Amino acid sequence: MSDKMEKYEGEIRRGWIWAAMFLVLALTAIFFTQSVAYGFGSRLLPIYSVETAERKIAVTFNCAWDAADIPDILAALEKYDAKATFFLVGSWAEQNPDAVEMIAKAGHEIGTHSNTHPDMAAISKEKIIEELSRSCERIAAAGGGTPKLFRAPSGSYNNTLIKTAAEQGFCTIQWDVDSRDWKNPDPSEMVTKVTENVRCGSIILFHSGAKPTAKALLQILDILSQQGYEFVTVSELIYKDNYTINNEGRQIKLADAA
């Protein structure tokens with residue numbers, strides 16, 4: 001009698017185990033289906049850097065604060081025959097048309113950094129479109145042409161922002177080397193931080209209106225030029241088609257992707 005009971009209880013336990021396994025598999029299948037349908041786990045990324053064997057890098061500036069150091073920044077770039085990309089906030093461009101004109105006349109690239117510098121990952125699609133279009137109107141009115149590149153304020157982005165920017169004709173650009181000049185470090189600290197982290201295809205972030213930027217920039221350009229780097233605009237650095245972006249935001253030509 002006891003042997004039969006043990007056998008019966010064993011069958012019940014096995015039945016519960018199989019039922020639990022089936023439930024786990026079913027829930028996993030449901031979650032996977034929803035993930036595909038709603039995009040969970042498929043975060044879009046802007047371009048942080050570019051995979052290339054060429055010793056080319058892009059020097060970039062976010063312009064949202066003061067414009068007083070623009071002449072010194074431009075002088076440093078000219079000294080080392082460096083072309084840079086300036087991401088302008090629309091309100092900054094409107095308030096500093098002389099600076100915008102100087103940047104454009106020096107042959108540098110101009111992108112948009114939004115119109116009013118909001119957290120664009122926290123606003124609606126309609127507001128994103130407004131920020132992008134209005135910023136471009138102000139930049140163009142100040143003599144900066146029509147931007148095709150966009151950088152999110154504070155580097156804050158989500159899928160909606162990346163998709164919407166692309167729909168509006170913009171390529172979203174991040175960075176892989178941050179000078180952290182906005183923290184006003186000693187220029188020598190900035191020089192070390194930037195030059196030790198640069199690699200082929202890097203995109204370096206600076207800001208106008210940050211105290212140490214112009215002084216540190218001269219030293220950084222000097223060191224990197226001696227290392228054989230060429231300073232190009234973001235548009236000259238990035239691939240326009242037939243590419244993928246890995247989980248580090250590094251843009252890779254499909255023919256080169258492993």
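Biologist: In which strand is Lys56 found?

Modeller: Lys56 is found in strand S2, residues 56-63. Please note that this is a predicted model, in which local features need pLDDT of at least 70 and side-chain atom pairs count only at pLDDT 80 or more, while totals for chains, interfaces and linings use all residues. Residues are numbered from 1 along each chain as its sequence is written, and side-chain values use heavy atoms, with hydrogens and water left out. Helices (H or I, at least four residues) and strands (E, at least two) are DSSP runs, numbered from the N terminus.

Biologist: How does Lys56 count in terms of accessibility?

Modeller: Lys56 counts as partly exposed because its relative accessibility is 23%. Buried means under 20% relative accessible area, exposed over 50%, and partly exposed in between, with a 1.4 Å probe and protein chains only.

Biologist: And which residues is Lys56 in contact with, leaving aside its neighbours within four places in sequence?

Modeller: Its contacts (heavy atoms within 4.5 Å) are Cys200, Gly201, Ser202, Tyr229, Glu230, Val232 and Leu237. Ser202 is 146 residues from Lys56 along the chain, yet their C-alpha atoms are separated by 7.7 Å.

Biologist: What share of the contacts in the chain with a separation of 6 or more comes from residues 24 or more positions apart?

Modeller: Such pairs account for 75% of those contacts.

Biologist: Back to S2, then. How many bridges join S2 to S8?

Modeller: Five bridges join S2 to S8, and the two strands run parallel. Two strands pair if DSSP finds at least two bridges between them. Within this pairing, Asn62 of the chain has His207 in S8 as its bridge partner.

Biologist: What else pairs with S8?

Modeller: Strand S7, residues 177-178, pairs with S8 in the parallel sense over two bridges. Here the bridge partner of Val177 is Ile204 in S8.

Biologist: Why is S8 described as largely enclosed by the rest of the structure?

Modeller: Five of the five residues of S8 (residues 203-207) are buried, so the strand is largely enclosed by the rest of the structure. In a regular strand the side chains alternate between the two faces of the sheet. In S8, Ile203, Leu205 and His207 are buried on one side, and Ile204 and Phe206 are buried on the other.

Biologist: Changing topic: what is the strand order in the open sheet of three strands?

Modeller: The order is S1-S11-S10, with mixed pairing. S1 (49-50) and S10 (243-245) stand at the edges with a single partner strand each, so one side of each is left without a neighbour in the sheet.

Biologist: In which sense do S1 and S11 pair, parallel or antiparallel?

Modeller: S1 and S11 pair in the parallel sense over two bridges, and Ser49 stands opposite Arg250 in S11. By contrast, S10 and S11 (residues 250-253) pair in the antiparallel sense over three bridges. There, Tyr243 stands opposite Lys253, and Ile245 has Gln251 as its bridge partner.

Biologist: How many residues lie between S10 and S11 in the hairpin?

Modeller: Four residues lie between them, and Gly249 in the turn has a positive phi of about 80°.

Biologist: Now the helices. At what angle do H2 and H8 pack?

Modeller: H2 (residues 70-79) and H8 (residues 213-226) pack at an angle of about 5°, with their axes 9 Å apart. Axes are lines fitted to C-alpha atoms, for helices over the stretch in contact, and angles run from 0 to 180 degrees between N-to-C directions. H2 and H8 are therefore roughly parallel to each other, a term for angles under 35 degrees. Among the contact residues are Ile73, Ala76 and Leu77 of H2 and Leu217, Leu218 and Leu221 of H8.

Biologist: And how do H2 and H4 pack?

Modeller: H2 and H4 (residues 97-105) pack at an angle of about 5°, with their axes 10 Å apart. The contact is made by Ile70, Pro71 and Leu74 of H2 with Ala99, Met102 and Ile103 of H4.

Biologist: Is Leu74 buried or exposed?

Modeller: Leu74 counts as buried because its relative accessibility is 10%. Leaving aside neighbours within four places in sequence, Leu74 is in contact with Phe86, Met102, Ile103, Ala106 and His108.

Terms used: Angles under 35 degrees count as roughly parallel, over 145 as roughly antiparallel, 65 to 115 as roughly perpendicular and the rest as oblique.
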